[in-house]
Amino acid sequence: MNVETTDTPLVWLDHISKHFGEGETRVDALKDVSLQVFPGQLVALLGPSGSGKTTLLNVIGCILDPSSGSMELDGELVVRDGCWLRRDLRRLRLDKIGFIFQFHNLLPFLDATDNVALVLQLAGADRASAHKRAVELLDYLEVGHRQNAMPAKLSGGEAQRVAIARALANRPRIILADEPTAALDSKRAQIAMDLLRKVAIEQDAAIIAVTHDEKIFDRFDRIFQLRDGELDTR
């Protein structure tokens with residue numbers, strides 16, 4: 001599936017590189033990566049272990065500092081020539097980026113609703129409005145009937161939907177997913193991808209997923225292959 005768009009990209013990377021160490025111990029994890037992802041797109045990052053996929057996701061997520069290059073997120077230039085233009089990266093992540101992990105990583109001592117509401121409260125929402133938004137999201141993802149369930153009582157598919165709700169809590173336009181279907185069977189993986197497609201279209205969001213899951217390749221608009229830190233497309 002291909003989405004053609006003339007919109008401004010939500011994620012724009014211009015010659016991003018990342019290395020670890022110096023001299024003989026230097027490792028070049030990313031080499032001159034340029035990338036654009038547009039509203040409504042689902043993009044996959046493929047590649048063998050050590051190819052740079054997670055490093056790239058962490059740079060886009062403002063978790064790792066790039067060594068060089070520039071990056072724009074949701075219309076804001078946040079990195080120029082390898083230097084951050086934003087001081088408060090925590091706020092940037094809260095405002096612009098949602099994360100979905102391979103395992104749901106729900107807090108075991110909070111029920112489904114509070115796991116989602118906590119993100120909103122960290123961003124400054126009061127408890128009542130955070131709870132309301134959390135319930136709306138759980139309903140939207142068709143798991144509202146489990147809003148009071150503790151994580152240990154949720155099925156794998158239900159827990160992943162709660163995790164997706166948590167990622168959407170602050171209405172981010174950029175959603176980063178690290179192996180989002182690895183813990184799901186084939187049917188649940190397809191359902192999860194259909195939900196992400198729905199989110200991308202209805203919320204005009206860009207979704208970038210690291211995956212090895214061949215059964216969901218046909219759900220992506222574009223597939224990028226990383227080899228030794230360098231980016232190819234197909």
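Buried means under 20% relative accessible area, exposed over 50%, and partly exposed in between, with a 1.4 Å probe and protein chains only. This is a predicted model, where local features need pLDDT of at least 70, side-chain atom pairs count only at pLDDT 80 or more, and totals for chains, interfaces and linings use all residues. Residues are numbered from 1 along each chain as its sequence is written, and side-chain values use heavy atoms, leaving out hydrogens and water.

**Stop 1: A165.** Select A165 in helix α5, residues 156–168. Helices (H or I, at least four residues) and strands (E, at least two) are DSSP runs, numbered from the N terminus. A165 is buried, at 0% relative accessible area. Show its contacts (heavy atoms within 4.5 Å). Leaving aside residues up to four places away in sequence, A165 touches V116, L137, L138 and L141.

**Stop 2: α3 and α4.** Select residues 112–122 for α3 and 127–140 for α4. The two helices pack at about 125°, axes 8 Å apart. Axes are lines fitted to C-alpha atoms, for helices over the stretch in contact, and angles run from 0 to 180 degrees between N-to-C directions. That angle makes α3 oblique to α4; angles under 35 degrees count as roughly parallel, over 145 as roughly antiparallel, 65 to 115 as roughly perpendicular and the rest as oblique. The contact includes V116 and L120 of α3, and L137 and L138 of α4.

**Stop 3: the sheet.** Now select the 5 strands of the open sheet, ordered β2-β1-β4-β5-β6 with antiparallel pairing. Strands pair if DSSP finds at least two bridges between them. β2 (27–37) and β6 (83–84) stand at the edges, each with a single partner strand. Finish on β5, residues 76–80, which pairs with β6 over 2 bridges. Here V79 stands opposite W84 in β6.
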